[in-house]
Amino acid sequence: MGVTGYTALELIRLLLRHPGAKIDVLTSRQEGRPHVSSVHPSLTGRLDMPLEDIGPEKVAERCECAFLCLPHAASAESAKALLARGVRVIDFSADYRLNDAATYRQWYEHEHPDPERLGKTPYGLPELFGSQIPKADLVANPGCYPTSAILPLAPLLKAGLIETEDIIVDSKSGISGAGRTPKLSTLYPECNESISAYSVGKHRHQPEIEQILERAIGKAVSVIFTPHLTPMDRGILSAIYARPTRAVTEAQVLGALREFYAGKPFIRIVNHLPATKDTAHTNFVDITARVVKGRVLLISAEDNLIKGASGAAVQNFNWMYGFEETTGLL
């Protein structure tokens, strides 16, 4: 539902090669039932379907699982209707990621349409919350920036190797992270050959990072998160700074990360400094660590449209329906 954006296109591409999935409905508010290839020309000859302006009630008559690529608030409204009709939901919006309606209201300036499910919906990082996902009827797909911060930090916080306060997350994202809707700041003459910080101190992903890390380790976590827009199509690179709780070596930090993610197919703990090209068009997250002047420095790279969105959704779909975790993703 909501098929015109970049993440929906990536999701369609992944599902077309998934042996256990069949796409039955594509929804959009565009008039006249346009063919999907008129919105996403790269799908020409691959998917012969129109876009339909129908609501969740009609979708529920034809589908077992719905991926919601809708704006916040609108997504929760659709999720409620789908869940009431027995359809399982993977929600790309932020509507079910946070713990409570008050935090949601503060950061999204909107009353939550389905507050009873806040704090009870599994967060879709199987590497941390895999036990909650198989039986879930609703999964909150993670934000792209939070994925790049939570995955490096959670193992070290859980092991008590770094402090829960004074954590700095400095992230750079490609332009596709801003979505497909035209905006002045993402026009080519505005953003090409330039890099800029935005939403400093007030980005909506900050409470998500803090609350999900708290769920993962059972302690409150304080983070300063600063995002930057970079002139590339896709990818996120995050540099994360944390204070160790005791003297640690680079080998110890890397060892803790490798032990935590042993057997997790999409997390690669590497010795080199990862780059966004290393993970482009894949569901991998590459993570490394350094110890610099008494600080632990973590660096992670991911594709914001795959592991940061659509790849994670398919990974969650696999967990929900009992497919091998890597199905459709390698």
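Ser-171 has Pro-227 as its bridge partner in strand β6 of this predicted model. That pair belongs to the parallel pairing of β4 and β6, which extends over seven bridges. Both strands are part of an open sheet of seven strands with mixed pairing. A further open sheet consists of three strands paired in parallel.

**The seven-stranded sheet: order and edges**

- The strands of this sheet follow the order β5-β6-β4-β7-β10-β9-β8.
- Strands β5 and β8 (267–269) are at the edges; each has a single partner strand, so one side of each lacks a neighbour in the sheet.
- Helix α7, residues 144–158, packs on this sheet and touches β4, β6, β7, β8, β9 and β10.
- The direction of helix α7 makes about 140 degrees with that of β10.

**Strand β6 and its partners**

- Strand β6 is mostly covered, since six of its seven residues are buried.
- Besides its parallel pairing with β4, β6 pairs in the antiparallel sense with strand β5 (residues 196–197) over two bridges.

**Strand β10 and its partners**

- Seven of the eight residues of strand β10 (residues 295–302) are buried, so this strand is largely enclosed by the rest of the structure.
- Strands β7 and β10 are antiparallel and pair over seven bridges.
- Ala-239 has Ile-299 in β10 as its bridge partner.
- Strand β9 (residues 285–292) also runs antiparallel to β10, and eight bridges join the two.
- Val-292 is bridged to Arg-295 in β10.
- The hairpin of β9 and β10 has two residues between the strands, and Lys-293 in this hairpin takes a positive phi near 50 degrees.

- Strand β8 runs parallel to β9, and three bridges join them.
- Arg-268 stands opposite Asp-286 in β9.

**The three-stranded sheet**

- The order of strands in this open sheet is β1-β2-β3, with parallel pairing.
- Its edge strands are β1 (65–68) and β3 (138–140), each of which pairs on one side only.
- Neighbouring strands of this sheet are turned against each other by 10 degrees on average, direction ignored.
- Strand β2 (residues 88–91) pairs with β3 in the parallel sense over three bridges.
- Val-89 stands opposite Leu-138 in β3.
- Helix α4, residues 74–84, lies across β1, β2 and β3 and runs at about 175 degrees to β1.

**Buried loop residues**

- Ile-133 is located in the loop between α6 (126–129) and β3.
- The relative accessible area of Ile-133 is 0%, and this residue is therefore buried.
- Leaving aside neighbours within four places in sequence, the contacts of Ile-133 include Arg-88, Tyr-123, Val-139, Asn-316, Trp-319 and Met-320.
- Ile-133 and Ser-310 are 177 residues apart along the chain, and their C-alpha atoms are separated by 16 Å.
- Thr-230 lies in the loop between β6 (223–229) and β7 (236–242).
- Thr-230 has a relative accessibility of 9%; buried means under 20%, so this residue counts as buried.
- Not counting residues up to four places away in sequence, Thr-230 touches Lys-172, Ser-173, Gly-174, Ile-175, Ser-194 and Ile-195.

**An exposed loop residue**

- Lys-22 is found in the loop between α1 (6–16) and α2 (36–39).
- With a relative accessible area of 67%, Lys-22 is exposed.
- Lys-22 and Pro-146 are 124 residues apart in sequence, and their C-alpha atoms are 30 Å apart in space.

**A nonpolar surface patch**

- Ile-168, Ile-224 and Tyr-241 make a nonpolar surface patch of about 250 Å².
- Ile-168 belongs to strand β4, which spans residues 167–173.
- The relative accessible area of Ile-168 is 31%, and this residue is accordingly partly exposed.

Notes. Residues are numbered from 1 along each chain as its sequence is written. This is a predicted model: local features need pLDDT of at least 70, side-chain atom pairs count only at pLDDT 80 or more; totals for chains, interfaces and linings use all residues. Side-chain values use heavy atoms; hydrogens and water are left out. Patches are made of residues with over 30% relative accessible area and no salt bridge: like charges are joined within 9 Å, nonpolar side chains (Val, Leu, Ile, Met, Phe, Trp, Tyr) within 5 Å. Accessible areas come from the Shrake-Rupley method with a 1.4 Å probe; for residues, only the protein chains shown count as cover. A salt bridge is a side-chain nitrogen of Lys or Arg within 4 Å of a carboxyl oxygen of Asp or Glu. Helices (H or I, at least four residues) and strands (E, at least two) are DSSP runs, numbered from the N terminus. Buried means under 20% relative accessible area, exposed over 50%, partly exposed in between (1.4 Å probe, protein chains only). Two strands pair if DSSP finds at least two bridges between them. Axes are lines fitted to C-alpha atoms, for helices over the stretch in contact, and angles run from 0 to 180 degrees between N-to-C directions. Contact means heavy atoms within 4.5 Å.
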